[in-house]
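Please read the points below alongside the sequence and the model. They go through selected side chains, one topic at a time.

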Amino acid sequence: MDTLDDLTASVNYCMEKNGCPAYDRAAVRQMVGKGVYVLMERALAGGRENPCYDACIRDFSDYYERHMLDHTRPFVGISEMLEDLKGRGYRLAIVSNKFDAAVKELNARFFAGQIEVAIGEAQAKGIRRKPAPDTVFAAMQELGSRPEECIYVGDSEVDIETAANAGIPCISVTWGFKTTEFLKEHGAEHLVSTPEELEQCILDWEEQSEP
């Protein structure tokens, strides 16, 4: 999902409401990936010690809940790729550091019938945020899958760490929040630049793993 415009608008809403400087799209792109608490920590001078921190968390969450569908859309080619993978028998899940309710709503809105499981930030339920493997293990449990049957796809260093912590291979896509160079510097071993390349990489992986 290309969520950056709605995330940027949400950050700037709470920044402006609390008298803090706004950010452009490129700056927000560098701050996202580890959930809203870290996002606000990075956006505010002084981080969590900033007196506006708690208010910004609330304001961001409220605004994003109401506006997360303003500009967010699947990247070009993603829906077709997912449909093809599902037709080949793959079972698909989303794990995210966005709020659990938002993740489930976005999945229902854009990927109903394609992606079976969507899990977001739910620390209150004892599920730690990525790069802890908790969301991945929860998705595996819901899908009835084993680690050796799974491949993780992500666009950040957090995803590379999450896959490693879950003990599963990772494919890094280059059309998300981080550059190819950044991903390589943070340990990416398998990179793809289009949904078509991603699907072929998954199919090749399956073929290589067959006895």
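**Notes on selected side chains**

1. Phe60 and Tyr64 are both buried, where buried means under 20% relative accessible area, exposed over 50% and partly exposed in between (1.4 Å probe, protein chains only). This is a predicted model, in which local features need pLDDT of at least 70 and side-chain atom pairs count only at pLDDT 80 or more, while totals for chains, interfaces and linings use all residues. Residues are numbered from 1 along each chain as its sequence is written, and side-chain values use heavy atoms, with hydrogens and water left out.

2. The structure holds two aromatic pairs. Rings of Phe, Tyr and Trp (its six-membered ring) pair if their centres lie within 6.5 Å; planes under 30 degrees apart count as stacked, over 60 as edge-to-face and the rest as tilted. Tyr13 and Tyr63 form a stacked pair, because their ring centres are 4.5 Å apart and their planes are at 20°. Tyr13 belongs to helix α1 (residues 4-17) and Tyr63 to helix α4 (residues 53-67), so the pair ties together parts that are 50 residues apart in sequence. Helices are DSSP runs (H or I, at least four residues), numbered from the N terminus. Tyr13 is partly exposed at 27% relative accessible area, whereas Tyr63, at 16%, counts as buried.

3. Phe60 and Tyr64 are also stacked, since their ring centres lie 5.8 Å apart with planes at 10°. These two residues are four apart in helix α4, which separates them by about one helical turn.

4. Which cysteine sulfur is closest to that of Cys14? The answer is the sulfur of Cys56, at 4.4 Å, which is too far for a bond. A disulfide is a pair of cysteine sulfur atoms within 2.5 Å, and by this rule the count is zero disulfides. Cys14 is buried at 0% relative accessibility, and Cys56 is buried at 0% as well.

5. Glu157 lies in helix α8 (residues 157-166). Glu157 is buried but has no salt bridge, and Lys178, the nearest side chain of opposite charge, is 4.1 Å away. Here a salt bridge is a side-chain nitrogen of Lys or Arg within 4 Å of a carboxyl oxygen of Asp or Glu; Lys and Arg count as positive, Asp and Glu as negative, and His and the chain ends are not counted. Apart from neighbours within four places in sequence, Glu157 contacts Lys178, Phe182, Leu183 and His186, with contact meaning heavy atoms within 4.5 Å.

6. The charged end of Lys178 sits over the ring of Phe182, 5.0 Å from its centre. For this, NZ of Lys or CZ of Arg must be within 6 Å of the ring centre and within 35 degrees of the ring normal. Arg109 has its charged end over the ring of Phe110, 4.7 Å from the centre.
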